[in-house]
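Subject: Structure handover

Hi,

Here is the structure I promised to pass on. My notes on it follow below.

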Amino acid sequence: MPESNRSHKVNKVIERMGRKLNRQMVGSLVACVHCGMCTESCHYVLANPDDPTFAPAYKADQIRKIFKRHFDWTGRFFPWWVKARDLHGEEELEKLKDTVFGKCTNCRRCSLNCPMGVDFATLNRMARGLLVSVGIMPEGVATVSKDQWELGNQMGVLKEDYLETLEWLSDELENEFGDKAARIPIDKMDADVVYAINPREIKYDPRTISDAARIFYLAGENWTMASEGWDMTNFGFFSGDDELGAAVVRRLFEKVIELRGKKLVLSECGHGYRAVRCEGPNWVAMDVPFDMESSVLTMLRYIQEGRIKADKTKNNDPVTFHDSCNNARSCGFFEEPRELLNLVVTDFREMYPNRAENYCCSGGGGAMSMSEYTPLRLK
């Protein structure tokens with residue numbers, strides 16, 4: 001179709017796809033042989049076995065058809081042979097939105113089971129970003145992304161509310177220990193640890209911040225929390241918006257540098273850990289002058305060094321562990337959580353499958369913010 005006959009949004013999606021393509025993406029776009037090995041690896045397929053549109057290869061084909069029509073010579077000369085497809089109107093972009101946001105959590109289990117090495121999650125994230133660039137996205141993604149752009153955190157927590165919450169948590173900690181040193185330090189210079197959190201903690205369950213503060217206090221840690229740039233989650237990671245992803249990570253990195261912190265410790269959040277530690281340095285294109293680690297590693301180290309004493313006989317109930325897709329499958333973070341659990345419980349039991357083969361919890365990939373897809377996600 002002539003470019004002049006397409007809508008502005010369709011033209012922008014096609015043009016932006018050309019700028020986003022790299023060797024990894026093109027390799028995944030051309031390598032699929034439709035063998036079907038990915039199909040039963042997908043939790044959406046297992047929940048909807050009679051609907052072929054949930055198969056990872058089918059979903060990838062919705063992106064692949066556009067690529068072949070506009071960027072691969074086979075699609076330009078023989079579109080009917082390679083099933084290339086031109087985009088005509090915005091209704092097709094809306095349909096693609098339902099595929100890339102509503103039928104996939106980017107868990108990468110299908111990628112692990114692909115003999116050709118096709119990374120569908122990378123393609124899917126790119127497609128999300130293309131749609132976001134023209135304003136086509138679930139309402140929840142738009143709302144949360146706006147908060148993270150404008151207010152610096154995905155929960156829309158105002159700075160004064162954040163600091164006020166930390167203040168009353170500090171009052172409780174000081175009363176509990178009878179020691180002013182138990183208070184949560186804010187913007188302390190030259191700290192050995194700068195602790196960043198998930199905004200859900202400050203908004204919905206501040207007790208998790210108190211628990212971390214107790215551990216740091218009892219371990220004798222020289223630590224601090226930042227007054228700004230404290231959100232370690234990243235909706236640009238979910239939405240495919242690399243500009244937002246980079247902006248969020250840069251705020252975090254620049255604050256640690258400003259405070260001259262030696263290590264950035266990241267609170268519990270699978271995608272946050274991956275976005276900051278595994279993807280962030282690439283997004284912001286900088287060498288990070290400090291160490292980064294998950295709070296799981298921090299706690300494990302405290303126990304191993306004797307800075308925290310743990311009596312696992314206090315925890316005799318059976319305990320299991322679900323591997324986060326982002327931590328485990330995408331960042332290789334397998335054994336450390338198990339080492340820590342075995343130091344603090346007496347009856348740790350594996351769930352199956354586990355580690356790299358785990359099933360997604362269906363809450364990842366930003367799915368919890370997309371209310372229109374909630375019934376499908378829960379199914």
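Glu94 is partly exposed, because its relative accessibility is 36%. This is a predicted model, so please read every value here as computed from it. Glu94 forms a salt bridge with Lys97, and the closest N and O atoms are 3.4 Å apart. Lys97 is buried, because its relative accessible area is 12%. Why are Lys97 and Glu94 separated by about one helical turn? Because they are three residues apart in helix α7, residues 90-100.

**Other salt bridges**

The structure holds 30 salt bridges. Side chains of opposite charge can pair when their charged atoms come close.

One of the salt bridges joins the side chains of Arg260 and Asp190, at 2.7 Å from N to O. This pair links distant parts of the chain, 70 residues apart. Arg260 sits in the loop between α15 and β3. Asp190 sits in the loop between α11 (159-177) and β1. Are the two buried or exposed?

Asp205 and Arg207 form another salt bridge. Their closest N and O atoms are 2.8 Å apart. Asp205 counts as partly exposed, because its relative accessibility is 25%. Arg207 is exposed, because its relative accessible area is 61%.

There is also a network. Asp323, Glu335, Arg338, Glu350 and Arg355 are joined by salt bridges that share partners.

**The sheet**

Next, the strands. An open sheet is formed by four strands, in the order β2-β1-β3-β4. The pairing is parallel. The edge strands are β2 (223-224) and β4 (291-294), and each pairs on one side only. Helix α15 (residues 242-258) packs on the sheet. Helix α15 touches β1, β3 and β4. The direction of α15 makes about 135 degrees with that of β3.

Now the pairing of β3 with its neighbours. Strand β1 (residues 193-196) runs parallel to strand β3 (residues 263-266), and three bridges join them. Val194 has Leu264 as its bridge partner in β3. Ala196 stands opposite Leu266, again in β3. On the β4 side, β3 pairs in the parallel sense over four bridges. There, Leu264 has Met292 as its bridge partner.

Which way do the residues of β3 point? Lys263 and Val265 point one way, and Leu264 and Leu266 the other way. All four are buried.

**Backbone points to check**

Two residues other than glycine have a positive phi. For Arg260, phi is about 55 degrees. This is the residue in the loop between α15 and β3 whose side chain meets Asp190 in a salt bridge. The other is Ala285, with phi near 55 degrees. Ala285 lies in the loop between α16 (270-284) and β4. Ala285 is exposed, because its relative accessible area is 69%.

The bond from Tyr352 to Pro353 is cis, with omega near -5 degrees. Pro353 is found in the loop between α19 (335-344) and α20 (374-378).

**A nonpolar surface patch**

Which residues form a nonpolar patch on the surface? They are Trp73, Phe77, Phe78, Trp80 and Trp81. Together they have about 710 Å² of accessible area. The elements giving two or more residues to the patch are α5 (73-77) and α6 (79-82). Trp80 lies in helix α6. Trp80 counts as exposed, because its relative accessibility is 65%.

Best wishes

Methods
Residues numbered from 1 in each chain as written. Predicted model: local features only at pLDDT ≥ 70, side-chain atom pairs only at ≥ 80, totals over all residues. Heavy atoms only, no water. Pairing = 2+ DSSP bridges. Contact = heavy atoms within 4.5 Å. Axes fitted to C-alpha atoms, helices over the stretch in contact; angles between N-to-C directions. Patch = residues over 30% accessible without salt bridge, like charges linked within 9 Å, V, L, I, M, F, W, Y side chains within 5 Å. Areas by Shrake-Rupley, 256 points an atom, 1.4 Å probe, with all protein chains shown as cover. Salt bridge = Lys/Arg side-chain N within 4 Å of Asp/Glu carboxyl O. Buried < 20%, exposed > 50% of the residue type's maximum accessible area, 1.4 Å probe, protein only.
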